[in-house]
Amino acid sequence: GRVAGQIRVGGLVGRTGDSASIENSFSRGIVSSLDNEAGGIAGANGGNSIISDSYSHAEIRGGGLFGGVTGVNFHGSSIKRSYSTGNVHKFSSGGGLVGGVHKSSISSSFWDINSSGQSTSAGEGAVGKSTVEMMNPNTFIDVGWDFNLTGGTWKMIAGQTYPHLAWEDLPNTNPFDLNSAAPFQVLENQTAGTMFGQLTAKDLD
């Protein structure tokens with residue numbers, strides 16, 4: 001979908017405040033602000049609020065401060081274990097993950113430098129990675145993301161997808177590495193159940 005507004009426009013909320021919490025959430029689509037503060041999750045993250053274990057694939061357009069997750073992170077707020085991949089159109093102070101920061105924190109969070117078109121982001125703790133690195137589980141596991149197969153927060157198919165939340169369905173992937181043990185020929189009028197050769201393939205779904 002598409003979300004558009006004058007100021008503080010987000011894929012999920014315009015502005016967080018009063019110790020709000022956004023977790024286990026994601027956004028896709030296009031987010032655009034005519035004036036200032038646009039982000040894939042929140043236009044502005046403030047008031048001691050937390051964005052955690054969330055991601056955005058949204059395209060971000062706007063002026064002023066805007067970023068893949070939030071336009072500005074301020075007033076004691078934090079971003080933890082989150083990432084963004086959407087293209088961030090840099091008309092003013094755009095950043096891969098965050099456009100601007102003030103008295104806030106970012107930890108264990110990433111943005112895709114290839115798909116976003118952004119090589120920098122505001123705030124320490126926001127780390128830019130290539131698409132290949134963003135599809136490697138070790139990028140996230142190494143900084144404490146929970147990929148526990150029996151009740152963890154995240155899951156992904158290595159080398160094929162970005163991280164998805166555990167409650168989501170992963171995209172369908174096609175079988176690969178198809179091969180046969182040896183060339184074979186199928187004859188007519190064979191009895192049902194006759195084995196005439198062997199094929200092997202990998203399917204991660």
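Q: Which side chain meets E37 in a salt bridge?
A: First, a heads-up: this is a predicted model, where local features need pLDDT of at least 70, side-chain atom pairs count only at pLDDT 80 or more, and totals for chains, interfaces and linings use all residues. Residues are numbered from 1 along each chain as its sequence is written, and side-chain values use heavy atoms, with hydrogens and water left out. A salt bridge here is a side-chain nitrogen of Lys or Arg within 4 Å of a carboxyl oxygen of Asp or Glu. E37 has such a pairing at 2.7 Å, N to O, and the partner is R8.

Q: How many residues apart in sequence are the parts that E37 and R8 tie together?
A: Strands are DSSP runs of E, at least two residues, numbered from the N terminus. E37 lies in strand β5 (residues 30–39) and R8 in strand β1 (residues 2–10), so the parts they tie together are apart in sequence by 29 residues.

Q: Is E37 buried or exposed?
A: Buried means under 20% relative accessible area, exposed over 50%, and partly exposed in between (1.4 Å probe, protein chains only). E37 comes out at 9%, so it counts as buried.

Q: What C-alpha separation do Q6 and D35 have?
A: Q6 also sits in strand β1. Leaving aside neighbours within four places in sequence, Q6 is in contact (heavy atoms within 4.5 Å) with S33, L34, D35 and N36. Q6 and D35 are 29 residues apart along the chain, yet their C-alpha atoms are separated by 5.4 Å.

Q: Which residue forms a salt bridge with D53?
A: The closest N and O atoms of this pair are 2.9 Å apart.

Q: What is the N to O distance between E59 and R61?
A: Both ends are partly exposed: E59 at 21% and R61 at 28%. Their side chains meet in a salt bridge, N to O, at 2.8 Å.

Q: How many residues has the largest nonpolar core?
A: A nonpolar core is a set of buried Ala, Val, Leu, Ile, Met, Phe, Trp, Tyr and Cys residues joined through side-chain atoms within 4.5 Å. Members of the largest one include Y55, F110, W145 and Y162. Apart from it lies another core of eleven residues, among them I51 and W111. The residue count of the largest core is twelve.

Key: Helix = DSSP H or I, 4+ residues; strand = E, 2+ residues; numbered from the N terminus.
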